[in-house]
Amino acid sequence: MALEILTPQEMGRVDRLAIKQGPLSGIALMERAGAAVADIVFERFPDAGRIDVLCGPGNNGGDGYVAATILAASGYHVALWTDGDPRAGSDAEIAARNCILKRQPLEQYQPLPGGIVVDALYGAGLERPLQGTARAVAEKVGAAGLPVVAVDLPSGLSGLSGEALGTTFRAAVTVTFARKKPGHLLYPGRAFCGELVVRDIGISDAVVKEIGSQTFENLPALWIDDFPRPPADTYKYSRGHVGVFSGGPAATGAARLSAMAAARSGAGAVTLLSPPASLAVNAVHLTSIILRRIDGPDDAQAFLDQRKPSALVAGPGLGTDNDMAALLATVVQPASAARRVVVLDADALTIIAQEPAKWFGSFALDGAHATILTPHEGEFGRLFPEIHADKSLSKLEKARAAAKSAHSIIVYKGPDTVIANPEGRAAINSNGTPLLATAGSGDVLSGIIAGLAGQGMSPFEAACAGAWLHAEAAHTFGPGLIAEDLPSMLPRVLTRLLRQRAP
Ligand SMILES: NC(=O)C1=CN([C@@H]2O[C@H](COP(=O)(O)OP(=O)(O)OC[C@H]3O[C@@H](n4cnc5c(N)ncnc54)[C@H](O)[C@@H]3O)[C@@H](O)[C@H]2O)[C@@H](O)CC1
Ligand SMILES: [K+]
C-alpha cells in the first residue's frame, strides 16, 4: 500500500529519479498524467457540454495540454486557454507542440454555464499567490460555481502546507500522481481539493522509497503489523494494565471515558486512580474498571511500584492545582525499570504549559518509556508558543518540531490530526470527521492510545492507530454521537479491522 506522503520538493526528486532510471521519459510521464486527468473527466463528467482547459507555463500546464488533446479527440467540445508559453526545452513545451487545439489567451476566458474547468495553471511549482490574469480567472470560476477538475493541486494551494496562498481554485475533483502531498490532507487544503484521486503514472514504489519520505498517511497498513494480538495463553495483566488518574468529584467523567476507552481497546485491566473525595462518585459509575484510592504522590508512587502499569493516562478532568502538579511529577518520571507509556492530555497539558522547558526535560523517550502529548489547537499554542506562531511551518512541520523539543510523541489534534515523533517520523490522519468535535472525545482518544500502548504496541504506532480507531468509531456510530458512544463502537471497528488483517 502506498502510504508515503511526498512534499512537492520530494515529488520533484521522485520525478527526476524516475526519468533518470527510465524506462519512462518526462514526456511519457506527462502523457500518463494528462491521460489520468482525461479519464477522471470521462468518469465524473461524461455529459459535460463544454470543457475549458486552463494551462499555465510549467509542467502542470503540460498535463493540461495532454488532457485537452485526449478529451477533444474523444468528441468533447474543448477550449484551451493559456497563460504564457511553456518554457523552452521543457516537457510541457513538447506537450504543447503535440496539441493541435487552438490556444487562446487566458485573459479572454469567460466561464460559461454548463461547462467544466480543468485547472492546469500551477501545481507543485506554485511559489507565490496567484496574480493578474490567473487570479482574476480563479475568482471568476469560483463566482460562476463551475465544477473544477484540478490537475495535481488546485492552483493557488500550497502542496506543502495545505494553505491557500491567496485566491485559490476550489475543485470538485483533484487528480494527483504517484502519491498524495501534505497539502491534500492538511486543512484547508483538503477542503479545496474536493474528491482526491491518486493515479499511478508509472513511477515505481522503489523510486519513491529511495527518496526516504518520513511522512505517511495514517491508514491501518502503517501499523497493523504491530497491532496487539494477544497469545492464547494470555491473562489480564499481561494484556496490559492501564492506570487512569481521576480528578475531583465535580469532574470525574473525563477520566472514566478514558478508562472505558482503554478497556475497549483491549487492555486486560484498567485501574481508575481516584482522589478520596471522588471515590464515591466513581464507584457508582464503574463495573469492570478497577477503582483505587490515590491520596497524593506517595500513593501514586506506591501504585506504580506495586502494580507496574504498562500505560498511564493523566489529564482528563485532573484539575490544575498544585496537588495535581505534584502528582503529575510522580507520574511522568521514568524511575521504574518497567516499560511504561504516559499519555498526557487536557489539564496535564495546562500544568505543563506553565513551565514547558522543565517538564519537557523530564520526559524520556527511549525503548522502555515514552510520553505522548495529545494537544488540540489551543493546547498546542500554549505548550509550543514559538512553534505555533511560526507562519513558515505547516501543521506537519509544527508537530515534528514540537515532538523534537518535548522529547515526546505529539498527537496534534484537529480535523487533520498529525502524529509525530522526535526522530521526524510523522503521519497525517485522513479519516477525521466533524462528529468528533464533541465534549469528551479527546478523553476517549487518550484512553484508546494508552490501551494500545499498554498492550505493547510501539508508542508512535499506538498513537496513530488510536487516532484512526477513534475516527472510525465516530463514523460507525454516525450523527447524534456523544463521547460515551465511542468506546462502545470500538468492538465493531476492531472486528472489521482484525478481520481484514492477514493471519
Ligand atoms: N516530467 C515531470 O516533471 C512531470 C511533472 N508533472 C506535472 O508538473 C507539475 C510541476 O511542474 P513545474 O515544476 O513546472 O511547476 P508548475 O507548473 O506548478 O509551475 C511552473 C512555474 O511557474 C512559476 N510560478 C510559481 N508560482 C507562480 C505564480 N503564482 N504565478 C506565476 N508563476 C508562478 C514557477 O517558476 C514554477 O516553476 C506537477 O504539478 C505535475 O502536474 C506531471 O506531468 C508528471 C511528470
Ligand atoms: K492545478
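**Ground rules**

I noted that this is a predicted model, where local features need pLDDT of at least 70, side-chain atom pairs count only at pLDDT 80 or more, and totals for chains, interfaces and linings use all residues. Residues are numbered from 1 along each chain as its sequence is written, while chains are lettered from A and ligands numbered from 1 in the order in which they are written.

**The whole chain**

I found 20 helices and 17 strands in the chain. Helices (H or I, at least four residues) and strands (E, at least two) are DSSP runs, numbered from the N terminus. The radius of gyration is 26 Å, close to the 23 Å that the globule rule gives for 503 residues, so the chain is as compact as a globular protein of that length. That radius is taken over C-alpha atoms, and the rule is 2.2 Å times the number of residues to the power 0.38. Along its principal axes, the C-alpha trace spans about 80 × 45 × 40 Å.

I then checked burial. Of the 503 residues, 52% count as buried. Buried means that 20 or more other C-beta atoms lie within 10 Å of the residue's own; exposed means 12 or fewer, partly exposed is in between, and C-beta atoms are placed from the backbone. In H2, the buried residues include Leu-29, Met-30, Val-37 and Ile-40.

**Two domains**

I read the division as domain 1 (8–213) and domain 2 (220–226 + 234–498). These bounds come from an automatic or database domain assignment. Their C-alpha centres lie 41 Å apart. Across the boundary, 8 residues of domain 1 are in contact with 7 residues of domain 2. Contact means that the C-beta atoms of two residues, placed from the backbone, lie within 7 Å.

**Around ligand 1**

I counted 27 residues around ligand 1, and the closest are Gly-58, Asn-59, Asn-60, Gly-123 and Gly-125. A residue is near the ligand if its C-beta atom, placed from the backbone, lies within 6 Å of it. Helix H2 (26–44) and helix H3 (59–73) each supply at least two residues of this shell. The largest share, 5 residues, comes from H3. By class, the shell has 11 nonpolar, 10 polar and 6 charged residues. Ala, Val, Leu, Ile, Met, Phe, Trp, Tyr, Cys and Pro count as nonpolar, Asp, Glu, Lys and Arg as charged, and the others, Gly among them, as polar.

Most residues other than glycine have a negative phi, and most peptide bonds are trans. I looked for exceptions.

- The bond from Gly-22 to Pro-23 is cis, with omega near 0°. Pro-23 lies in the loop between helix H1 (8–21) and H2.
- Tyr-187 and Pro-188 are also joined by a cis peptide bond, with omega about 5°. Pro-188 sits in the loop between helix H6 (182–185) and helix H7 (189–193).
- Asp-152 is not a glycine, yet has a positive phi of about 70°. It has 28 C-beta neighbours inside 10 Å, so Asp-152 counts as buried.
- Lys-308 has a positive phi of about 45° and is not a glycine. With 15 other C-beta atoms within 10 Å, Lys-308 is partly exposed.
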